[in-house]
Amino acid sequence: MRFDFLELPGEAERLVRPVVPVQVEDLEDAPQLCLIDTGSTANRFGAWIAEATGIDLGAAPESLVMVGGVHTTARHARAELTIAGLRYEAPVSFCDPWPFAFNLLGQEGFLRFFRIELCAAEFWLDVRPEVARD
Amino acid sequence: MPRFTIAGRPFDLDHSGVERVARDLLPDPVREHYVVMGGRRFPPKQVISCVTGIDRADFTTHQARRILKRLGFVAARAGHDQGDEDVAAPARGPHRGRQAAALEPYVGKWVAMSGPTEVLVAADSPGEVLAWLSRHERRASFGMFRVPASVEEAEGVAPL
């Protein structure tokens, strides 16, 4: 499935970002735009999403992590994500605080489930579910 | 202060007073006509109803639109946005700058979008956006996110 990069308001020149809409659990009305981040080891979402979708983080293991220079508490859980038509259960770190505009899709929980082709010159990316391998 | 008669009742309205009320409102979905207030598009009847307390069924869209235009607000019709064509062609991006222009008024806000340039609602918190979508039975099929106010917010660049 092909997605256009997202244009953002910017002063000097247009900023564009490779993002994909992600349905979290059954939040069908409001898929979250998430930034593809090959440098992130995990999916990192704002903690408000867990609350909005009824994911109980009460007993979730937590750790202090630093993302983009910000110390944040990450609570590790599993969530049903739907991306490019594929619904699957993924590990997600729900972070608070989360001062960033986008959630991050990282290696564990996203990249290992999909094959990605990026064309920054033409501002698009293709996301295809990875063919299951034995 | 101009006086208007709406549904048989007199009201004294001015630009700043109406704008002040609109500041605390989340715009309802725009069907055809809208007025621009604080960079956001409102259905004219929503604004007049909130300012006067009169039920929306008791006056017409055209009446509301005429009043708001007299107060100095820009009124237009959805799908007739001439500004889209004026965006410079060489702008970078898949939508040649139209998407960035559509998001420009909402920097720092949470937005829900039904298409690449269609902002359904903008609010200060994600909870407000979700509540609005639920209340109006609308779907942000394009996605929901916070329009970043800086590069740091957009991509998590470490501050210096």
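Trainee: How do helix 2 and helix 3 of chain B stand to each other?
Mentor: In this predicted model, their axes come within 8 Å and cross at roughly 75°, so helix 2 and helix 3 of chain B are roughly perpendicular to each other. That word covers angles of 65 to 115 degrees. Axes are lines fitted to C-alpha atoms over the stretch in contact, and angles run from 0 to 180 degrees between N-to-C directions. Helices are DSSP runs (H or I) of at least four residues, strands are runs (E) of at least two, and both are numbered from the N terminus.

Trainee: Which residues of helix 2 meet helix 3 in chain B?
Mentor: B:Pro44, B:Lys45, B:Val47 and B:Ile48 do, and helix 3 answers with B:Thr61, B:Ala64, B:Arg65, B:Ile67 and B:Leu68. Contact means C-beta atoms, placed from the backbone, within 7 Å.

Trainee: Any numbering rules or cut-offs?
Mentor: Residues are numbered from 1 along each chain as its sequence is written, and chains are lettered from A and ligands numbered from 1 in the order in which they are written. Local features need pLDDT of at least 70 and side-chain atom pairs 80 or more, while totals for chains, interfaces and linings use all residues.

Trainee: New topic. What order do the strands of the open sheet in chain A have?
Mentor: The order is 1-12-11, with antiparallel pairing. Pairing takes at least two DSSP bridges.

Trainee: Which strands stand at the edges?
Mentor: Strand 1 (2-4) and strand 11 (114-119) of chain A each have a single partner strand, so one side of each lacks a neighbour in the sheet.

Trainee: And how many bridges join strand 11 and strand 12 of chain A?
Mentor: Six. A:Ile116 has A:Val127 in strand 12 as its bridge partner.

Notes. Parallel < 35°, antiparallel > 145°, perpendicular 65-115°, else oblique. Contact = placed C-beta atoms within 7 Å.
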